[in-house]
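Good morning, and thank you for making time on the agenda.

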Amino acid sequence: MQHHNTWRKRLQHLLQRAFNFSCLLCYQPSATTVCHWCENDLFFFDNTTYGENLLSCGLVSRHVKHCHYDALSVLGIYTGSLAHLVQKLKFSHSLAAGRILANWFYTKRIQSTKQLPQILLPVPIHPTRLFSRHYNQATVLADDIGTLANISVEQYWAIRIGRKTQHHLNRSDRATNAKSAFSLSTRGLDKRIASSNITCVAIVDDIITTGVTVNHLAQKLKKRYPQLTIYVWAMAFTPPPKSALLNE
Ligand SMILES: [Zn+2]
């Protein structure tokens, strides 16, 4: 053990000198954005246990609104280190955190999927928030996933017009708020969907809590384009307190 630790320390030291990188989570020297020790500690939904489509997994689908979309894929649970990475992307301008999340999502969740969507649609943030944050975290994620999976991103497909945030609202208020919060921006979308025979799209967001927002956006899409199959892709799911998922 002693020998292993010395060896590990020496390796870390070498990596630090060679790359000057450290792990985003434990701050130990690492050639990768998140070191493999930290990565091994994280919980990811894997396809064999939970299925490719999490709507068929009661532990998730019981708690998210999903009547207007067809499939849900999420990387992990919004706790601990995964939550930390999402927050780094959202609040600390860490594009590296976004890139690693997108990378994991691609390799662990969708690389083996047979039918991939043809367009990625990031959930818009409120214009004033975009002005202060300078970027939409969902667009950052969609861009990175799109590059890996070779899928184009339509950034301006919807606009957020209602109240800025949902997280301070209770479940029923969230539902009412979401209904008036978005409007489809059909300009770009109409042309693309009509001209390139698009049949499948994925709405991309960072966190899914009640699913009300994405469900509402999916409803608007289905109303205008009934032929579409709609997926929802998110980096993290917030399980209700006492969920068995929290013991994973
Ligand atoms: Zn680490």
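Predicted model: local features only at pLDDT ≥ 70, side-chain atom pairs only at ≥ 80, totals over all residues.

The largest nonpolar core comprises 38 residues. Within that core, the residues with the most contacts are V34, L85, L101, W104 and W233. Which elements give two or more residues to this core? They are the strands β1 (71–77), β6 (200–208) and β7 (229–237), together with the helices α5 (80–91), α6 (95–110) and α8 (137–149). The most is given by α6, which supplies eight residues. The core also draws on both domains: at least three residues come from domain 1 (1–41), and at least three from domain 2 (44–242).

W104 deserves a moment of its own. Setting aside neighbours within four places in sequence, W104 is in contact with V34, E39, L42, F44, L75, L82, L85 and R109. Two of these partners, V34 and L85, are themselves among the residues with the most contacts inside the core.

There is also a second, separate core, which has 37 residues. Among its members are V60, I198, V201 and I208.

Leaving out residues up to four places away in sequence, V140 touches L89, L95 and Y135. How far from V140 is the C-alpha atom of D205? The two C-alpha atoms are separated by 9.9 Å, although V140 and D205 are 65 residues apart along the chain.

The second residue is K90, which is found in helix α5. Is this lysine buried or exposed? K90 counts as buried, because its relative accessibility is 18% and the cut-off for buried is under 20%. With residues up to four places away in sequence not counted, K90 touches R133, Y135, Q137, D206 and I207.

As a general point, side chains of opposite charge can pair when their charged atoms come close. The structure holds five salt bridges, and I shall describe some of them.

One joins K108 to E39, with the closest N and O atoms 3.2 Å apart. K108 lies in helix α6 and E39 in helix α2 (residues 36–41), so this pair ties together parts that are 69 residues apart in sequence. K108 counts as partly exposed, at 29% relative accessibility, and E39 likewise counts as partly exposed, at 23%.

Another is formed by D70 and K222, whose closest N and O atoms are 3.0 Å apart. Because D70 belongs to the loop between α4 (58–61) and β1, while K222 belongs to helix α11 (residues 212–224), the pair ties together parts 152 residues apart in sequence. D70 is partly exposed, with a relative accessible area of 36%; K222 is partly exposed as well, with 23%.

Finally, the side chains of E154 and R192 meet in a salt bridge, at 3.2 Å from N to O. E154 is in the loop between β3 (152–153) and β4 (158–160), and R192 is in helix α10 (residues 186–195), so parts 38 residues apart in sequence are tied together. Here E154 counts as buried, at 11% relative accessibility, whereas R192 counts as partly exposed, at 24%.

Thank you for your attention.

How values were computed:
Residues numbered from 1 in each chain as written. Heavy atoms only, no water. Core = buried A, V, L, I, M, F, W, Y, C linked by side-chain atoms within 4.5 Å. Buried < 20%, exposed > 50% of the residue type's maximum accessible area, 1.4 Å probe, protein only. Helix = DSSP H or I, 4+ residues; strand = E, 2+ residues; numbered from the N terminus. Domains from an automatic or database assignment. Contact = heavy atoms within 4.5 Å. Salt bridge = Lys/Arg side-chain N within 4 Å of Asp/Glu carboxyl O.
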